[in-house]
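Subject: Structure handover

Hi,

Here is the structure I said I would pass on. Please open it alongside this email.

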Amino acid sequence: MAFKITPTIEGEKVEYENPSAEFYKAIGEEEGMRNFMYSFYDIIYKSDIHNFFPQDKEAFDLVKEKNTKFFIQLCGGPKVYEKELGGMDFDEYMIRVHDDFSIPEKARTEWLGCMREALSDVDMDEALKENFWNYCEQFSKLTVNQFPDKKPNPYF
Ligand code: HEM
């Protein structure tokens with residue numbers, strides 16, 4: 001399994017497809033997705049980006065639950081995240097949620113590393129894992145909002 005990570009380039013258009021209905025089925029629909037996302041967040045909790053997330057257990061549990069609902073709806077399951085959106089566009093809303101945090105490329109790479117680890121613990125067709133990975137790998141670029149300062153060009 002490749003699980004490649006390509007760099008985020010500031011201002012570049014990000015193209016992605018939502019994960020497939022086959023992935024949603026293979027993960028085990030609502031219950032399976034909940035187990036998967038909770039194990040993903042257990043890995044996040046031990047990672048270098050744990051400090052981005054609430055340290056208070058109840059608040060962290062709420063993030064896990066919202067995240068689970070997001071992914072259920074994203075992958076074609078019931079629209080359980082709909083009321084969080086308040087009428088906003090699905091992807092637009094996600095970008096806004098992350099704009100409240102300063103996310104550099106390094107944090108994205110760490111997040112994806114946690115996702116790669118969570119996926120490796122799942123028993124599933126590799127092509128379906130890759131389908132889900134491709135969404136995460138691309139979409140995560142839209143959460144990056146901190147870029148290194150451009151170096152001044154010494155010749156002009
Ligand atoms: C494919 C990429 C990603 C997706 C789909 C995603 C999805 C989500 C979702 C659904 C939530 C919960 C929003 C809510 O309803 O309140 C959330 C919250 C959050 N995500 Fe992401 N995320 C992604 C990448 C990242 C990355 C790269 C970081 C880097 C640190 C990150 C950090 C956070 C933080 C800090 C929160 C909010 C925690 C809080 O509410 O205190 N996410 N994300």
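Predicted model: local features only at pLDDT ≥ 70, side-chain atom pairs only at ≥ 80, totals over all residues.

Overall fold. The protein chain has seven helices and zero strands. From the N terminus on, the order is α-α-α-α-α-α-α. The radius of gyration is 16 Å, close to the 15 Å that the globule rule gives for 156 residues, so the chain is as compact as a globular protein of that length. Along the principal axes, the C-alpha atoms fill a box of roughly 60 × 35 × 35 Å.

Helix packing. Look at α2 (residues 29–45) against α6 (residues 105–120). Their axes are 9 Å apart, and the helices pack at an angle of about 130°. The two are therefore oblique to each other. Their crossing is right-handed. On the α2 side, the contact is made by Phe36, Ser39, Phe40, Ile43 and Ile44. On the α6 side, Cys114, Met115, Glu117 and Ala118 make it. The residues of this contact divide into seven nonpolar, one polar and one charged.

Ligand. There are 21 residues around the ligand. Phe52, Lys66, Phe70, Trp111 and Ser140 come nearest. Which elements give two or more residues to this shell? They are α3 (57–74), α5 (90–99), α6 and α7 (126–139). The largest share comes from α3, with four residues. By type, the shell divides into 14 nonpolar, four polar and three charged residues.

Best wishes

Technical notes: Residues numbered from 1 in each chain as written. Axes fitted to C-alpha atoms, helices over the stretch in contact; angles between N-to-C directions. Parallel < 35°, antiparallel > 145°, perpendicular 65-115°, else oblique. Left-handed = near helix turned anticlockwise from the far one by under 90°. Contact = placed C-beta atoms within 7 Å. Nonpolar A, V, L, I, M, F, W, Y, C, P; charged D, E, K, R; others polar. Near = placed C-beta within 6 Å. Rg over C-alpha atoms; globule rule 2.2 N^0.38 Å.
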